[in-house]
Amino acid sequence: MRTVKVYEETWPLHTPFVIARGSRNEARVVVVELEEDGIKAVGECTPYPRYGESEASVMAQIMTIAPQLENRLTRDDLQTMLPAGAARNAVDCALWDLASRKAAMTLATYTGVTLPHTLVTAQTVVIGTPEQMAASAAALCEKGAQLLKVKLDDHLISERLVAIRAAAPNATLIVDANESWHSEGLAARCQLLADLGVAMLEQPLPAGKDDVLANFIHPLPICADESCHTRASLPALQGRYEMVNIKLDKAGGLTEALALADAAVEQGFALMLGCMICTSRAISAALPLANRVRFADLDGPTWLAVDVEPALRFTTGELHL
């Protein structure tokens, strides 16, 4: 038998995280702890209101399968017992952690992956005035950031991006519109981004309203985030996106995320690896995918005032492994 613990944690942020849908001052995560044969393992997820999730709903989902978990539920069985989402992610990652610990290996080694010593990760420039965002970009680059992820809503697009590019002339820029743009004017905005040397545009249109991207000629790659959760999402993305952003909370865990990565590459998509605001536990669970992606956006723990122990080691724009 296994013992199972499910609980919620709240982690304060050192700086408010501002995106198109509002501002957050703390991270709320749900943790699954398993103990089997004297070995303890852990998985973490971040419930996302955008997908109808809350800490309470995710914990309730997990508790529906607690008896099976205690009776040594497998990862394969889990895929059919819970839908893709945060709840399944926490359980799936706990099961992966348990298996790797039983084998006395790191998760990366257990999955057959050799990680680089240093991984470049995006550092996020949150929404603000053009002056605030430019100052943030400059400060991040001064500290060593090479890849900046610029959050945008539907306002002051050119003003913000021109200011950021002037402040960070050598940085690689990717732009995340978080579903906030509209089809009207999209072509002009894409051209502006290309003219400013932006490397990629992420999810400009709302998921479910991105059919306008079909056969839409654009001068830079467009990445699906909210439009891509699992392998089942891929057929609808053909001809609309060149890249997909894989997040364990969307995919429902590492098991589906690995399968999604394989299927996406086979179908011609480039990969991005993303995260929610989370602790180092959640980033550690995603690392088997890290050396397969064009862009890694794994700065979630860097927004926390304090991280779990033992924490991964981040410097500005880099994750040291």
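**Pockets and the sheet**

A: Helix 12 makes the largest contribution to the lining of the largest pocket, giving five residues. Helices here are DSSP runs of H or I with at least four residues, strands are runs of E with at least two, and both are numbered from the N terminus. Bear in mind that this is a predicted model, where local features need pLDDT of at least 70, side-chain atom pairs count only at pLDDT 80 or more, and totals for chains, interfaces and linings use all residues. Residues are numbered from 1 along each chain as its sequence is written, and side-chain values use heavy atoms, with hydrogens and water left out.

Back to that pocket: its volume is about 740 Å³. On a 1 Å grid over the protein atoms alone, a pocket is an open set of points where a 1.4 Å probe fits, with protein on both sides within 12 Å along at least five of seven lines, and lining residues have an atom within 4 Å of a point. Points are joined across faces, edges and corners, and the volume is the space filled by probe spheres set on them.

The largest pocket has 31 lining residues, and nearest its centre sit Asp-97, Arg-101, Ser-280, Ser-284 and Leu-312. Two or more lining residues come from each of strand 3, helix 4, helix 5 (107-110) and helix 12 (280-286). By type, the lining splits into 16 nonpolar, nine polar and six charged residues; Ala, Val, Leu, Ile, Met, Phe, Trp, Tyr, Cys and Pro count as nonpolar, Asp, Glu, Lys and Arg as charged, and the others, Gly among them, as polar.

The second largest pocket comes in at about 510 Å³. It is lined by 29 residues, with Phe-17, Ile-19, Arg-24, Tyr-48 and Met-276 closest to its centre. Strand 1, strand 2 and strand 6 (147-151) each give two or more residues to that lining, and strand 2 gives the most, with five. Its lining has eight nonpolar, six polar and 15 charged residues.

Three strands make an open, antiparallel sheet in the order 1-2-3, where pairing takes at least two DSSP bridges between two strands. Strand 1 (3-19) and strand 3 (39-45) are the edges with a single partner strand each, so one side of each has no neighbour in the sheet. Strand 2 (residues 22-36) is joined to strand 3 by seven bridges, and Leu-34 has Ala-41 in strand 3 as its bridge partner. Helix 4 (residues 86-102) lies across strand 2 and strand 3, at about 150° to strand 3.

Conventions. Contact means heavy atoms within 4.5 Å. Axes are lines fitted to C-alpha atoms, for helices over the stretch in contact, and angles run from 0 to 180 degrees between N-to-C directions.
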